[in-house]
Amino acid sequence: MTAAELKSVIRKKARSLGAILVGFANLARYRRYYPQAEKIYHPDAVWPEAKSVIVLGLPLPLPIVETTPSINYQELYNSSNVWLDQAAYRLSLEITALGHPSVSLPRDGYADLKHLIKRASSSFSHVVAGRLAGLGTIGWNHNLLTPQHGSRVRLNSVLTTAELTADPLIKKDLCLHCRACQDLCPAGALGGDPAEPFAELDHDKCTRRHQFLKKAGCWPCGSCTKVCPVGADREAYRRLGVQRYYREQAGQSDETIAAWNHVRRFGSERNVR
Ligand code: SF4
Ligand code: SF4
């Protein structure tokens, strides 16, 4: 099997396991775009034999994300995580069976939020992998922004010894630098110089917000994911524009905001904001 045929087989297997987005990156691309290996966690820093990365993406439907913080969003988040872990695990076994040893990674690399307060990162970044695999670009909110679903995408990665070509990068910055994510962050965790490509993220504030929501039974936060105007999913769900989120923040209501608040009244601490 040629490398191109192998890549096509892997893409089909990933799709058959339910991946909606599939992208490929390799070591050469990491070395070109992120030459400081120890800072960005190249795949071979996690597993020295790794030559390529396969990134799997699963979108989160916007109308559920909009209810955050809620039990509905928490359950969606948990379901997407289970699926991603299982799909990456099974895909790694299938590629290994083809003669190319492969491993899957955990989609969240921490045991408890308290560990993020001490050290706010994990051993591998699926966001960087997604960008290098051509799935999107990194927004002001530090999330991967995809043309299809904005930042409403959960990711996991498979590392493989197979030498695969990387998919084309998205060169145009998808972030509109509108600052909606910053304005509407409930923790005030985003800020910094507008001339910079990414916000300064106050990890401590963000993590403490997550701890608060976890205790209330309606985590994660996801507000910066919810309000980002990028993504064709906004058209599909007829949610163009983000003014409603500003109206919600100002305490105004309409039929849609009332529905979000309806959901928030059940299954966890009521009306956590
Ligand atoms: S996850 Fe929530 S608290 Fe953290 S930066 Fe995004 S909006 Fe702010
Ligand atoms: S909300 Fe605006 S600034 Fe924030 S990531 Fe999305 S497009 Fe960029």
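This is a predicted model: local features need pLDDT of at least 70, side-chain atom pairs count only at pLDDT 80 or more; totals for chains, interfaces and linings use all residues.

User: OK. How many helices and strands in the protein?

Analyst: The protein has 14 helices and eight strands. These are DSSP runs, numbered from the N terminus: helices are H or I with at least four residues, strands are E with at least two.

User: And what is the radius of gyration?

Analyst: It is 19 Å, which agrees with the value near 19 Å for a compact globule of 273 residues. The radius is taken over C-alpha atoms, and the globule rule is 2.2 Å times the number of residues to the power 0.38. Along the principal axes, the C-alpha atoms fill a box of roughly 60 × 40 × 35 Å.

User: What share of the residues is buried?

Analyst: 39% of the 273 residues. Buried means 20 or more other C-beta atoms within 10 Å of the residue's own, with C-beta atoms placed from the backbone.

User: Let's zoom in on β6. Is that strand mostly covered or uncovered?

Analyst: Mostly covered. Strand β6 spans residues 153-160, and eight of its eight residues are buried.

User: Which residues point which way?

Analyst: V153, L155, S157 and L159 point one way, while R154, N156, V158 and T160 point the other way. In a regular strand, side chains alternate between the two faces of the sheet.

User: What does β6 pair with?

Analyst: Strand β2 (residues 52-59) runs antiparallel to β6, joined by eight bridges. Within that pairing, V55 stands opposite S157. Strand β3 (residues 102-104) also pairs with β6 in the antiparallel sense, over three bridges. There, S102 has T160 as its bridge partner. Pairing takes at least two DSSP bridges between the strands.

User: New topic. What surrounds ligand 1?

Analyst: C185, A187, A189, L190, C206, R209, C221, S223 and C224. A residue is near if its C-beta atom, placed from the backbone, lies within 6 Å. Helices α10 (203-216) and α11 (223-226) each supply at least two of the shell residues.

User: And ligand 2, which residues come nearest?

Analyst: Of the 14 residues around ligand 2, G139, W140, C175, C181 and C228 come nearest.

Methods: Residues are numbered from 1 along each chain as its sequence is written. Chains are lettered from A and ligands numbered from 1 in the order in which they are written. A residue is buried if 20 or more other C-beta atoms lie within 10 Å of its own, exposed if 12 or fewer, and partly exposed in between; C-beta atoms are placed from the backbone.
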